[in-house]
Amino acid sequence: MKITGGKLRMNIAYGRTSLEIDFPDHTDVVRPKFQKGLKDESYAIRKALRNPINSKPLQELVRKGQKIVIVHTDITRATPNDRILPVILSELALAGVKPEDIKLLNGLGTHRKQTRDELRTMLGDQIVEKYTCIQHDCFDEDHLASVGELHAGKNLRLNKTYMDADFKILTGFIEPHFFAGFSGGPKAVLPALSGYESVFLNHGYQKIAHPNASWGITVGNPIWEEMAQAAIMSHPDFLLNVSLNAKKEITAIFAGDMITAHGEGCEVVKSQSMIPVDHPYDIVVTTNSGYPLDQNLYQSVKGMSAAARVVREEGAIIIVSACEDGLPDHGGYIDLLRQGGSPTGVLKMVSQPNFKSPDQWQVQIQAQIQKKADVYVYSDGLTDFQITEALCIPCRNIEKLLQELVLKKGNRICVLPDGPLVIPYLTKSANLENV
């Protein structure tokens, strides 16, 4: 929904709560189309598992004695694992599957492992106590299995526990993704369960720079198509993905065949979250959808990317992100920004032949955004020095900064209170205006 005009004092997503901001009265507000949360989530999940898309019901597919793996997303994702997994486990129990035959696999990709307390928060105490919980490590050679050639001469390796399972279930949630088109679906395999070399190949410079490697595009997107290829090669048996509203309530469930169910989910999410706007903006204020998505600045590049779609050349983006996990200190994100020294330097560095480094895809996208517009960061979790190290501009007072930017950049202002839960895009006439 788009609201124009009137006095604007509003709450925007920020960390575990929200932030109240006064915006100029001519600010445009862009939100996803509102969807009510399901009244009984457990009932709806169970119904989807028993009436799946292009698949037999889950209970009819599994057998007693099978080794079963359920893949779930990590702590940087908003998937309601603690509400989804108990229903899946209940259905498996009704089919005669014993808890000792089930393993829960945290699809970390290149992200850090979760602590025991974080796993309890994500999955629930009872699940952590009752079931074997494993965390993927993309660098652990002993726990990766060769699956075949993803490209000529490029071997795909995936988590060995996953590949050794008799029955594989993928879970997650679907939202627009800034270079994979949409989250969910095959992303639960590549990058979530892959060896580091496959992640680097999939997230390499040329693929990230491809015009179709963007929000809401799957077919024709080289990154998503390679993810789908890798996932199909791994032979997943069942998928359960959900869509969420800004309150993190489940709005719809897509279960069954991985490609078909995910495809239907993408179409539904696209119709709700991709919103046209009529002109580019001088200033765009965005969030990263609050916790858990705004835990660090690395993840908040997604919010920057959503804003970049509708900011004018040489405009300004203000990203509001709590960053309770810092930049973060782990991974290669801040080291690459330091080495590059500037957006131009970053792009020159990551475009070198055979350049491979953890998190290079994130700094490449951030640099592309910063070549277009200035990026300001408001965050209680980061010092001014850290924000500057990340090649961004510190902001400590959003209202004051807006007043200053209106004088420098212009008075067309847009706010995305829910961050990348909504993906605005310019209409054809607006694109002509932005040339």
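The points below cover a hairpin, a loop residue, aromatic pairs, charges over rings and salt bridges.

1. Basis. The model is predicted: local features need pLDDT of at least 70, side-chain atom pairs count only at pLDDT 80 or more, and totals for chains, interfaces and linings use all residues. Residues are numbered from 1 along each chain as its sequence is written, and side-chain values use heavy atoms, with hydrogens and water left out.

2. Helices (H or I, at least four residues) and strands (E, at least two) are DSSP runs numbered from the N terminus. Strand S2 (residues 8-14) runs antiparallel to strand S3 (residues 17-23), and seven bridges join them; two strands count as paired if DSSP finds at least two bridges between them. Met 10 has Ile 21 as its bridge partner in S3. Two residues separate the strands of this hairpin, and Gly 15 in the turn has a positive phi of about 60°. S2 is mostly covered, with five of its seven residues buried. Here buried means under 20% relative accessible area, exposed over 50%, and partly exposed in between (1.4 Å probe, protein chains only).

3. Thr 76. This residue is in the loop between strand S5 (68-72) and helix H3 (81-94). Is Thr 76 buried or exposed? Thr 76 counts as buried, at 9% relative accessibility. Its side chain makes a polar contact of 2.7 Å with the side chain of Asp 74 and another, of 2.9 Å, with the side chain of Arg 77. A polar contact is a pair of N or O atoms within 3.5 Å; within protein, one must be able to donate a hydrogen and the other to accept it, and residues adjacent in sequence count only if both atoms are side-chain atoms. Leaving aside residues up to four places away in sequence, Thr 76 touches His 111, Pro 292, Leu 293, Gln 295 and Gln 299, where contact means heavy atoms within 4.5 Å.

4. Aromatic pairs. Rings of Phe, Tyr and Trp (its six-membered ring) pair if their centres lie within 6.5 Å; planes under 30 degrees apart count as stacked, over 60 as edge-to-face and the rest as tilted. By this rule there are seven aromatic pairs. One of them is Phe 178 with Phe 179, which is tilted because the ring planes are at 45°, with the centres 4.8 Å apart. Phe 178 is buried at a relative accessible area of 4%, and Phe 179 is buried at 4%. The pair of Tyr 196 and Phe 200 is edge-to-face, since its planes are at 65°; the ring centres are 5.8 Å apart.

5. Tyr 196 and Phe 200 both lie in helix H7 (residues 196-202), four residues apart, or about one turn of the helix. Tyr 196 is partly exposed, with a relative accessible area of 28%, whereas Phe 200 is buried at 8%. Together with Phe 139 and Trp 361, these two residues form one aromatic cluster.

6. Charges over rings. A charge sits over a ring if NZ of Lys or CZ of Arg is within 6 Å of the ring centre and within 35 degrees of the ring normal. The charged end of Arg 16 sits over the ring of Tyr 291, 3.8 Å from its centre. The charged end of Lys 168 is placed over the ring of Tyr 162, at 5.6 Å from the centre.

7. The whole structure has 18 salt bridges, each being a side-chain nitrogen of Lys or Arg within 4 Å of a carboxyl oxygen of Asp or Glu. Arg 31 forms one with Asp 418, with the closest N and O atoms 3.5 Å apart. Arg 31 lies in the loop between strand S4 (28-30) and helix H1 (41-50), and Asp 418 in the loop between strand S20 (413-416) and strand S21 (423-426), so the pair ties together parts that are 387 residues apart in sequence. Arg 31 is partly exposed at 25%, while Asp 418 is buried at 12%.

8. Other salt bridges. Arg 120 and Glu 129 meet at 2.2 Å, N to O; Arg 120 is partly exposed at 25% and Glu 129 exposed at 53%. The salt bridge of Arg 338 and Asp 335 is 2.8 Å, N to O. These residues, Arg 338 and Asp 335, are three residues apart in helix H12 (residues 333-340), about one helical turn. Arg 46, Arg 50 and Glu 91 are linked in a network of salt bridges.
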